[in-house]
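Thank you all for coming.

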Amino acid sequence: MNAMKTRKIRRVCALVLALGMLLALPACGGGNEEEADIDLTAVMEELTGAYDMPEMMTVSSTDSLTSFYGIDPADVDSFAIQLCSTGLDADEIVLIRAVDQEAAARIAEKLETRYQSKLNQMQNYLPEQYEVIAACAVETRGTYVSMIISPDGEAMTALYHNYF
């Protein structure tokens, strides 16, 4: 009788554990989270308003995505871009929302190419601007891809991250 009681208790415990694990699985998934819908133009206005960025030029044409960055406009859902119009400063802010994860990866690759090109260009031409670029990076968060190059890049990136 004692052995039967022990087996019954073990079965009940196993059943309770199995049910507990099944209930815990959806909490671990995290795959159904919706991505934030961020107004990149508003983010850009806040970034450029909060930090001194003289002689910046707004890039608003989808053709410029291709000519400046080699990005296929079909990969882009929305974007906001400002870059230094003189070429004497490395300052450049690129905020892009891709249409999907695969497009975000392609965009990040193109921005990484632009980033490396700027690094190479400034290394011998304007070494102080090289240091500014080297302290910055291309980042991907879901379908959002950014490249924020500025002497205030770290603070600007933190401000951008607040939108997520």
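Let me begin with strand 3 (residues 92-98) and strand 5, which run antiparallel and are joined by six bridges; two strands pair if DSSP finds at least two bridges between them, and strands here are DSSP runs (E, at least two residues), as helices are runs of H or I of at least four, both numbered from the N terminus. This is a predicted model, in which local features need pLDDT of at least 70 and side-chain atom pairs count only at pLDDT 80 or more, while totals for chains, interfaces and linings use all residues. Residues are numbered from 1 along each chain as its sequence is written, and side-chain values use heavy atoms, with hydrogens and water left out.

Within this pairing, R97 stands opposite Y144 of strand 5. Strand 5 is also joined to strand 4 (residues 138-141), again antiparallel, by four bridges, and there T140 has V145 as its bridge partner. Two residues lie between strand 4 and strand 5 in their hairpin, where G142 takes a positive phi near 65 degrees.

How many residues of strand 5 (residues 144-149) are buried? Six of its six are, where buried means under 20% relative accessible area with a 1.4 Å probe, counting protein chains only, and the strand is thus described as mostly covered. Y144, S146 and I148 are buried on one side, and V145, M147 and I149 are buried on the other.

Turning to the helices, V43, E46, L47 and A50 in helix 2 meet M156, L159 and Y160 in helix 6, contact meaning heavy atoms within 4.5 Å.

Technical notes. Buried < 20%, exposed > 50% of the residue type's maximum accessible area, 1.4 Å probe, protein only.
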